[in-house]
Amino acid sequence: MNFGFLTASGKSVKVSEEALKRAKDIFGNLESENETVVKREADAASNIDASTPTRPLVAKRFCSANRQFKSPVFISSVTKDISTRNHLLDAFPSAECSKSLETSPQTFFNSATGASFKETPNSNKTYSPAVTLSTPTRNRKNCKTATPVKLLTPYCRNWRLCVRVTELEGARRYRETDVFSFLAVDDSGVEVRITAFNELAQKIAKQIEEGKMYYISKALVKPINARFGRNNIDTEIVVRPETEIALCTDAPLISSPKVRFCFVKLKNVENFLDHEIDLIGVIREISEIREIVNKNGEMIERRDLEIVDDTGYVITVLLWGERARTFKCSVSQIIAIKRAFVREYQGFISLTTTNSSKVVIDPDLAETRSLSHWYRNNKNGEFSLVSTKWFLNFDVHKWIGEVNEKNVSENFSIVAMILNVTFHNATYKGCEKCRKKVAEIEGRYRCNKCSVVSDDFKYFYSLNLEVCDFTGTHKINVFNDIAERLLGETADEVAKYVKYDYDRYCSYFRKLFFKKYVFRIGIRTHEGIVLTNKIDSSQVNWLVLDFSEISYDLYVPYLEKCLSLCGFHR
């Protein structure tokens, strides 16, 4: 007959009858042996003179079968009741423990209430409106046990970090949520990001100071979003109402870590879309600062930098807000950026800085000296834009006649010839900030999106092209940035001939007739709604997201493959 039990994880463990019998015999022998030892000690004690000092007869064998496990008592640094702490000190009269508690006044902050207080064993706790730091005693002997950041997992319990704040990312609002986050390192140099939301964000933002050290416990440890891998571990910390953050004054000062880079060459940036990377390059061009409207309708300042490196590629880096205003650098200097976010728009890749990005000019690195020497000899060379030309391999190619607009959910490419261009309304007057069409009112121009009335405007392209291949024809829409590359002229330059030299105006568009390109196409509806079977084809637009010259080295093998699938062979 077999016996068994279930483990904590739910796994079934079977025990044979023979094994159970052997276990009973072993524990029975231990019990009888323990009784013998206790009886022998009692007999020895009765024979000793009462005046002779002896140790209390409380020792038993460690392997006693009757010994019950007692959980250890921990004296917390955040004990709220002084009388309770004094009771614990009486129960455990350790001189070393008492000295540690008496000589280490602590300042605490409770994230649930937002209050901070300093308390000692011999005084009542007093509250103050902000964290006040006592004189640090950097003595490792009194340092409380801290958990290394690299050992944190979502399954850890009763952990406590001792970290130094290296960077405040600041309070901000994201999708109607208040967010405050900061970066910190432990004594091993491992970085971690701590984030608080809503009311907790507002309270903690007033308490945390850059360069100070803190104990952090009872927070949520969660897997980090791969897009925002700011540290070299896979977790981040989120503050909860019960989280305790105490100013650390009894641990050796953690030195500020040096900025460590893991550079990505510009030619490889396209492999890191929607991720953060480190890069280094030479500043080729610096634009003037300008104001734009963000998605929330707020005005924000932006500055663009063109960066090149020794792979022969160039990329645009976007600086925002205060960083854009205070940026002081010149062309040909070396710039290193840590945690730049890679994004893609209409086939072209750019880098944007975030609150956690670090920008270093002329860092003392071997890469700096190498790039400076390379750029002096190649600054007049040709550089290629970093782009996602994945559609040139014809893996997502379609013929115009086979496209079913109601079932297409992803972008595709076509190889087509331009048959016609609609000259009328090929350019329009738009808002300089959001590019939306403006309405002319009494000699001034109003943008309904920005709710701004201005005396000036800018021309933008809105082209309607008819293209064809051997399976059919279709109309496609091309907007400003792509149209400028297609025509080779800005909309302002072309539009000035509309009234004074219409033939010259039309000549810019006639140059496109009967030219063949590879177009990357995205299906869009007029209202921007999701495609369904009820949508008529007249409600759907083919939007050109990118285009390129035909690479016949790739196109000819693709045609041969298509012919072989149809049963035609050389």
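The model is predicted, so local features need pLDDT of at least 70 and side-chain atom pairs count only at pLDDT 80 or more, while totals for chains, interfaces and linings use all residues. Residues are numbered from 1 along each chain as its sequence is written, and side-chain values use heavy atoms, with hydrogens and water left out.

**Stop one: helix 7**

Select residues 480-487, which form helix 7. Helices here are DSSP runs of H or I with at least four residues, and strands are runs of E with at least two, numbered from the N terminus. Now colour N480, I482, A483, L486 and L487: these are buried (under 20% relative accessible area, with a 1.4 Å probe and protein chains only). They lie on the same side of helix 7 because they cover an arc of only 160 degrees around the axis, taken from the directions from the helix axis to the C-beta atoms.

What covers these buried residues? Show strand 26 (458-469), strand 27 (472-479) and helix 8 (491-495), which are among the covering elements. Helix 9 (502-510), strand 28 (516-525) and strand 29 (540-548) are also included.

Step just past helix 7 to G488, which takes a positive phi of about 80 degrees.

**Stop two: N425**

Go to the loop between strand 21 (412-421) and strand 22 (427-430), where you will find N425. N425 is not a glycine, yet its phi is positive, at about 60 degrees. Is N425 buried or exposed? With a relative accessible area of 52%, N425 is exposed (over 50%).

**Stop three: R435**

Finally, select R435 in the loop between strand 22 and strand 23 (439-441). R435 is another residue other than glycine with a positive phi, near 70 degrees. Its relative accessibility is 36%, so R435 counts as partly exposed (in between the buried and exposed cut-offs).

Note on methods. Contact = heavy atoms within 4.5 Å.
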